[in-house]
Number of protein chains: 2
Amino acid sequence: MEAEDRWRGQTTTSGPHAGKSWWAWGRVSELRGLLQELATSFGLSSANLDQLCPPTVLEIGEQLPKPRIQLASLPDKVRSFCKDDDFERLFHSRGRDVAALLDVCSQRRIAVVPFGGGSSVVGGVEPVSADDGFSGCVALDLAKMDQVLEFDEMSQCVRVQAGMYGPALEDSLRQRGLTLRYYPQSFEFSTVGGWIATKGGGHFATGPTHIDDLVQSLRVVSPNGTTETRRVPASGAGPSELRLYAGSEGTLGVITESWLKVRPRPQTRASATVVFQAKGDADAAFELGAHCVRDMAQTGLQPANLRLVAGPEVVRSAGLSQQERELLAAAAVLLIGFEGSIYVRTRLQAVAEKRGGLLVSQKLAEEVSQKQDNSGERSGIAGSWGKGFMRGGYLMSAACLFPSVLVNTLETACTWASFLPLHRSVLNAARTAMKRECGVQGQVTCRFTHVYPDGPAPYYTFVVIGLAATPGEDSRVRMWQNIKRDVMQAIMDHGGTSTHHHAVGQLHLPQYRAERGALFGSTLAAMKAAHDSAGIMNPRVLGPSIEAPPSKL
Amino acid sequence: MEAEDRWRGQTTTSGPHAGKSWWAWGRVSELRGLLQELATSFGLSSANLDQLCPPTVLEIGEQLPKPRIQLASLPDKVRSFCKDDDFERLFHSRGRDVAALLDVCSQRRIAVVPFGGGSSVVGGVEPVSADDGFSGCVALDLAKMDQVLEFDEMSQCVRVQAGMYGPALEDSLRQRGLTLRYYPQSFEFSTVGGWIATKGGGHFATGPTHIDDLVQSLRVVSPNGTTETRRVPASGAGPSELRLYAGSEGTLGVITESWLKVRPRPQTRASATVVFQAKGDADAAFELGAHCVRDMAQTGLQPANLRLVAGPEVVRSAGLSQQERELLAAAAVLLIGFEGSIYVRTRLQAVAEKRGGLLVSQKLAEEVSQKQDNSGERSGIAGSWGKGFMRGGYLMSAACLFPSVLVNTLETACTWASFLPLHRSVLNAARTAMKRECGVQGQVTCRFTHVYPDGPAPYYTFVVIGLAATPGEDSRVRMWQNIKRDVMQAIMDHGGTSTHHHAVGQLHLPQYRAERGALFGSTLAAMKAAHDSAGIMNPRVLGPSIEAPPSKL
């Protein structure tokens, strides 16, 4: 078969996933184009790169177990959106009427794996195996629930279906001069529902960069019922229902839509007092002030304080002059407090100099394009690295195709106090393990994907080039597992989290079990039972980490 | 009895609550001093104000039901910190070895009400009544667990016991040039544990002002076990255990300590790239960069991006010149992105002018005092109002003493889109109800305690002066209940939350039931059972709103 056909044979030409690889990151065309580039940077021969092409769907199909669920046996309105052809089954191994589907699956004990973009790197969307005690497994692909349903421009919120992908969402927002400003590395191939279910982190290293900080309300369909949280900017009423679903990884129910907080596309201690008047009408004056405060709160600027008070309330305060009382009697008062530096850039450059940093380039104020994503850096060193960053998923997939190369990444977060010991221990564990497992010295590098006042989120990349002979897939997987096990142990030993933004899935279950307490394990079990009596929702994820309630119960 | 003695008779001279009123906000001395001021501002006669003095503890004591728990019957180590004298019982009607106490109470079916500062305005710490099916009720007062246990200055975190009050915590932080920057109106009379259990909001109207945004980790003792969450700045591992306890109002367990995130006492699109070098040692260069990023992240400034990358990783990027590659090979690279306005103050003043605001006073950059709280505004109109704000609790307590006066406040949060309809409906409902219930026209005023990009948190104050004759306590309470009921209905009808920062307690249970979904009701019940099999934890709060699991279960 022609190389051309073999590459084309890894995808399908129809449906929402046309052109995507059944096994690799993103589009087959991009993947193939990357091989030459990698061969060069790895210093490998680039002859016959097409020999690295993996099996086609047709070739794999022959080894696929037959579907355990007969489509013909399903009720019409469920069958109408179900598929079981080889590409779809392969693609989803790694809709609408959601409630009806969950009913059928609960009754027949069919496992349900909610599926967004399938970009999970932790086994978050893999099916159950035949011996897991289920009568089958459905990948509930939300790709067709991909619409913006409603705009609330005054409140700067947008109602989005869970299956919508990042680029489509930003395209729709850009037309109104808005942005969600959420850019995970998987931006192009992950969905709104997947972001929330995995409690994802965007690539902005500071500020509100976690998706759960950008969610205003959620609609969740579970086997035991459907819930829609109230649309309020904040609430002191009980534990947060929103935060319960963020990170639940499809084990409680299916997130079908969400109201997301968006913002217009692209701080010294001081204070000011502003008075609003409306021809002696205190109510109207307050409404003028309310419009003003809304404008201020929506500029994206963050004054330390912004308090609007009805004039008559202020008049009751002691220490006011007669003149002030008369001014305020039918007015509204806005108290504004300021904090922080006027020149963020200048202040940070001074810190950089103090710490011995060398300023090699800088870009001053520029207009933000209304046509492209405002997702990050542009030219020079920053631009070069930035472009590579957004292709990281492709890099991983393409690198696996070189039998003599081993590439892996993992990430965590820890306090500043524990960072240095953790970091040094990770470097040491990685180098020792790579040498031991692979017989050659590998390279381990680190970056901070996020930084917080109380700690960083270090992200580690491991590259081993020139594996002895060609070890074969099984032993390469064993090498990877042993290296990962040693490094994760170093992270857990030094107080890091099992994952900062990759989620738990199946890959991090052992570390997650050790990370969260036994009491929270039984709490997760209780929440699971309240949502999913039959235990069909993504049963291999988080679930196996759920513990039986303490003996006291 | 002398007026002096009657006032003194409302408190006790010993123990952690010496000087505090058994029934009113804060200290008796402050309360008495406020009466003259109020009589003036209400335009009432100030003759014989001491006649307003409520019954002493001694007088009330005669009507108190006898304790249902005999201290002598308790195990020594529990009895050692238990009290049942009249003042303590009255004070707590509105320690250490926590686990041991919860064991005893679970076995004997004694209700437990965790008690911080007792500043709840929603019935959050009231005891169960004799007919609630419990064999008694313990107020678990954490006032003696009031220490800072540990500082992690590098990570800017502090480990605090749950019973510590706001001023003591800030005094301790100020000595190290730090602040939590959390100032609820109850600051002086509320505790760390209470803040977290009620998911409190501080008085800064914008930015990270909710306590759950300032908590890094928690220690919780429940009847079914103890849990301590991991100390990490962020995590993608499962639903947030922290957020589960924030807002649980003592129904799941007792928060005994917390790691809190503190900060040093007191944006235009641009970017800069900084390189760190260490004599060809890439690891050392990265550590230099890490120190620098930590300094930057801890300045309190918020650049849009702050990403540190190991040079060797950047070198793998395409499009770099040979010179750049050589520079980066053994270096670390810091990519900094900036957004927002350079002059917050100037920009906001322009918005104010555009909206017709009149600038009546302003204060430019000033040094922040290292001796006092940096809790807000100072002189002029702002200062006058600000001082009154922090005395709001006293105002409410003192106002109730005037038989011809009715004062009430309530708060909510809603989207900007729903604010005007909600606000107008609340004003109308309040005026109608005050006139109907009290026979005279009352005054209703509003302020925004918090503002968010997607909506405000309006706070309403109702004042009725000159009630027909003196209605007597019972009918005054009925007036208040009827006014509150009508106004809360208007809020719920227009999509507001039942409470933005006062918590649910008992007062807001009817509205909270309507606000949260049935599925979350059964989820709360499941979480409760996982923590508190015997159902003894603060059983009248949130609990009664918990629904039986859906029939499907």
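Leu519(A), Ser522(A), Thr523(A), Ala526(A), Met527(A), Ala530(A) and His531(A) of helix α19(A) are in contact with Leu519(B), Ser522(B), Thr523(B), Ala526(B), Met527(B), Ala530(B) and His531(B) of α19(B). Contact means heavy atoms within 4.5 Å. The residues of this contact comprise eight nonpolar, six polar and no charged. Nonpolar covers Ala, Val, Leu, Ile, Met, Phe, Trp, Tyr, Cys and Pro; charged covers Asp, Glu, Lys and Arg; the others, Gly among them, are polar.

The model is predicted: local features need pLDDT of at least 70, side-chain atom pairs count only at pLDDT 80 or more, and totals for chains, interfaces and linings use all residues. Residues are numbered from 1 along each chain as its sequence is written, chains are lettered from A and ligands numbered from 1 in the order in which they are written, and side-chain values use heavy atoms, without hydrogens and water.

Both α19 helices span residues 518-531, and their axes come within 8 Å and cross at roughly 150°. Axes are lines fitted to C-alpha atoms, for helices over the stretch in contact; angles run from 0 to 180 degrees between N-to-C directions. Helices (H or I, at least four residues) and strands (E, at least two) are DSSP runs, numbered from the N terminus.

Chain A also holds an open, antiparallel sheet of five strands, ordered β3-β4-β8-β6-β7. Strands pair if DSSP finds at least two bridges between them. β3 (148-152) and β7 (225-228) of chain A each have a single partner strand, so one side of each lacks a neighbour in the sheet. Within the sheet, β4 (157-161) and β8 (254-261) of chain A pair over five bridges. Gln161(A) stands opposite Glu257(A) in β8(A).
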